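Colleague: Could you take me through how to read the packing and the charged pairs in a model like this one?

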Amino acid sequence: DHRSIAVTQTFPHLIRSLLLIVCASLLAACQSVPQQRGFTAEQVAVLKAEGFVEDGPGWALSMPERLLFSTDESSVPAEQQARITDIASKLVSVGITTARVEGHTDSTGTAAYNLTLSNARAQAIAAPMQAGGMQFTPDQIIGRGEAVPMSSNDTEEGRQDNRRVVVIVTP
């Protein structure tokens, strides 16, 4: 009978199709939902209002005083600490709870000393940010020493630019 031959020939095809559908469904179920990329409009508005500027994949704090330090200094004046704590509170209020804090120096002094000083500068900025509710892991508070100059160390103005801390937030 030709009907039994047709059923016999389509049955393996039906099984194969069913298996493919089951496998595809299982694979789809195993995929994770991709995380949102970038900051929300509300987060961007707060970042801009607080002096952050877009810098590659993240945003970097660019305060008028640019978190600059005097030669051989790592202390932050009380009024600047209060401002940094306020910035951190505003970031936390929109769900930005962490950042990378990078300290820098000019080229005056030894490389080892500058690394220690730049770390102290990063810590001095991270502390009021933590008071504002932000949380950091030790690897997020970094001293870069004199390795990443912003300006030439050949002039006093250039050396001043290089004695800084940069706060970087990424989505």
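**Core, strand and charged pairs**

Modeller: This is a predicted model. Begin with its largest nonpolar core, which has 28 residues; F52, I125 and M129 have the most contacts inside it. At least two residues of this core come from each of α2 (41-49), β2 (58-61), α3 (78-93), α4 (111-131) and β5 (165-169). With 5 residues, α4 gives the most.

Colleague: V167 belongs to β5. Are the faces of β5 covered or open?

Modeller: Both faces are covered: V165, V167 and V169 are buried on one side, V166 and I168 on the other. Since 5 of the 5 residues of β5 are buried, the strand is largely enclosed by the rest of the structure.

Colleague: Which strands pair with β5?

Modeller: β2 runs antiparallel to β5 and is joined to it by 2 bridges; W59 has V169 as its bridge partner there. Strand β3 (residues 100-103) also pairs with β5 in the antiparallel sense, over 4 bridges, and G103 stands opposite V165.

Colleague: Now the charges. What is the general idea, and how many salt bridges does a search of the whole structure find?

Modeller: Side chains of opposite charge can pair when their charged atoms come close. The search finds 9 salt bridges in this structure. One of them links R83 and D86, with 3.7 Å from N to O. These two residues are 3 apart in helix α3, so about one helical turn separates them. R83 is partly exposed at 32% relative accessible area, and D86 is partly exposed at 32% as well.

Colleague: Which parts of the chain does the pair of D106 and R163 tie together?

Modeller: The closest N and O atoms of D106 and R163 are 2.7 Å apart, and the two form a salt bridge. D106 lies in the loop between β3 and α4, and R163 in the loop between α5 (156-162) and β5, so the pair ties together parts 57 residues apart in sequence. D106 is buried at 4% relative accessibility, and R163 is buried at 3%.

Colleague: What other salt bridge does R163 form?

Modeller: R163 forms one with E156, where the closest N and O atoms are 3.1 Å apart. E156 is partly exposed, at 41% relative accessible area. Elsewhere, salt bridges with shared partners join E50, R83, D86 and K90 into one network.

How values were computed: Residues are numbered from 1 along each chain as its sequence is written. This is a predicted model: local features need pLDDT of at least 70, side-chain atom pairs count only at pLDDT 80 or more; totals for chains, interfaces and linings use all residues. Side-chain values use heavy atoms; hydrogens and water are left out. A nonpolar core is a set of buried Ala, Val, Leu, Ile, Met, Phe, Trp, Tyr and Cys residues joined through side-chain atoms within 4.5 Å. Buried means under 20% relative accessible area, exposed over 50%, partly exposed in between (1.4 Å probe, protein chains only). Two strands pair if DSSP finds at least two bridges between them. A salt bridge is a side-chain nitrogen of Lys or Arg within 4 Å of a carboxyl oxygen of Asp or Glu.
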